[in-house]
Amino acid sequence: MAEAGAGALLQVDLGAIVANWRLLCTRHRSGAVAGVVKANAYGLGAARVAQALLAAGCRHFFTATLDEALALRPHLRRESEGGAMLAVLSGLTPGTEALYRAQGLVPVLGAAEEIALWRKFARESGEAQPAILHVDTGMARLGLTPTEVAGLAGDPTQLAGIALRYVMTHLVAAEIAADPMNQRQRQRFAAACAALPAAARSFANSSGIFLGADFASDLARPGAALYGINPTPDAANPMRRTVRLIARVQQVRTIPAGTPVGYNATWTAARESRIATVALGYADGWHRSRAGTTLAFFDGRAVPLVGRISMDLTTFDVTEHPAIIPGTWLELLGKGRDPDAVAAASGSNGYEVLTSLAPRIQRQYLDQ
Ligand SMILES: *Cc1c(COP(=O)(O)O)cnc(C)c1O
């Protein structure tokens, strides 16, 4: 069995991810819907996710870093070969220009210096080079400042040799529909696009798609919703669940009342108890801070974690669950608790719960 050597398995439903992409397409009829596959597709596996989305018709992908794009490129055909655009969100670093061109990658340019680098490279290579222009409308993180946009508007030759694929911006608080920041960013983006040379636009992330027609564009860039995270946290989750995380029970022992369990003896059995030791710990990305809030599920019933979470192991009180024996798999993410629920219980967000899942957890894929 492939899982014999694994302590924990992440079962990824590629069909559900594709269904989520299709749902987002029906909500964004103004233009295309990309797949954001940064951070290894939010922990689920960028190559498999991108291939499934490509097969479904997705033609635009984004990673955060150049390294992520280089790792994905061999698994994703180029646009010129009937594949997809692959763009890098984090900006152009000096010295990487030739790699972008050789690998057919599109840089997202978010500073005057980056534009200057790409313009120089286009001139020296003697051919137009594709790029996405990132305008900052409220994040103050990446993206052209208002001063830089004004500079470009006044001197469009700064874009000489650059084939603008899209002008994009990124929403700060799209998951809160009533946040006034959304409308402010919409106005700033419209003003920036009006000042810049005409180009297709890319606006909404997952939650932005659900803000309505004002936030529609030529290309939406969802990540989280593809993977089942609720893009509308104040309403029911319209997305399908995509992951199940299960971990193996290594041992079960019965301890007398008064026996402490785990590092620093933070929990002591009040009665005779059956304790299951499970092969999942903080080195798997199940953070130590979740000790007080973790529930596992077995046969649809909750099983409480007791004691500390250690690097490779956790302990659960299974006194009420006589069917749990060594070799049983307990569910940490799934029907019982999704990543958003784990996050809500532990002061995080679903993005962090998924992207924390370590490479040591074996990924298994359910095909469409
Ligand atoms: C991560 C990211 C996205 C995707 O955001 P989600 O909230 O996961 O949909 C889109 N655009 C940019 C610039 C990003 O950094």
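**View 1. Lining of the largest cavity in the predicted model.** The residues His134, Val135, Asp136, Thr137, Met139, Arg141, Leu142, Thr169 and His170 form the lining of the largest cavity. By class, this lining comprises three nonpolar, four polar and two charged residues. The volume of the largest cavity is about 40 Å³. The count of cavities of 30 Å³ or more comes to one.

**View 2. Crossing of helices α1 and α3.** Helix α1 spans residues 14-27 and helix α3 spans residues 46-56; their axes come within 10 Å and cross at roughly 50°. The crossing of the two helices, α1 and α3, is right-handed.

**View 3. Residues in the contact between α1 and α3.** From α1, the contact involves Leu14, Ile17, Val18, Trp21 and Arg22. On the side of α3, Arg48, Val49, Ala52, Leu53 and Ala56 take part. Sorted by class, the residues of this contact of α1 with α3 are eight nonpolar and two charged, with no polar residue.

**View 4. Centre of the largest pocket.** The largest pocket has a volume of about 790 Å³. Its lining consists of 36 residues. Of these, Lys38, Tyr42, His170, Asn205 and Tyr351 lie nearest the centre of the pocket. His170 also belongs to the lining of the largest cavity.

**View 5. Helices that contribute to the lining of the largest pocket.** At least two lining residues are supplied by each of α2 (38-42), α9 (206-209), α10 (339-346) and α11 (350-356). The largest share, four residues, comes from α11. The lining of the largest pocket divides by class into 18 nonpolar, 12 polar and six charged residues.

Conventions:
Residues numbered from 1 in each chain as written. Predicted model: local features only at pLDDT ≥ 70, side-chain atom pairs only at ≥ 80, totals over all residues. Heavy atoms only, no water. 1 Å grid on protein atoms, 1.4 Å probe; cavity = no way out; pocket = protein on both sides within 12 Å on 5 of 7 lines; lining within 4 Å. Points joined across faces, edges and corners; volume = space filled by probe spheres on them. Nonpolar A, V, L, I, M, F, W, Y, C, P; charged D, E, K, R; others polar. Axes fitted to C-alpha atoms, helices over the stretch in contact; angles between N-to-C directions. Left-handed = near helix turned anticlockwise from the far one by under 90°. Contact = heavy atoms within 4.5 Å.
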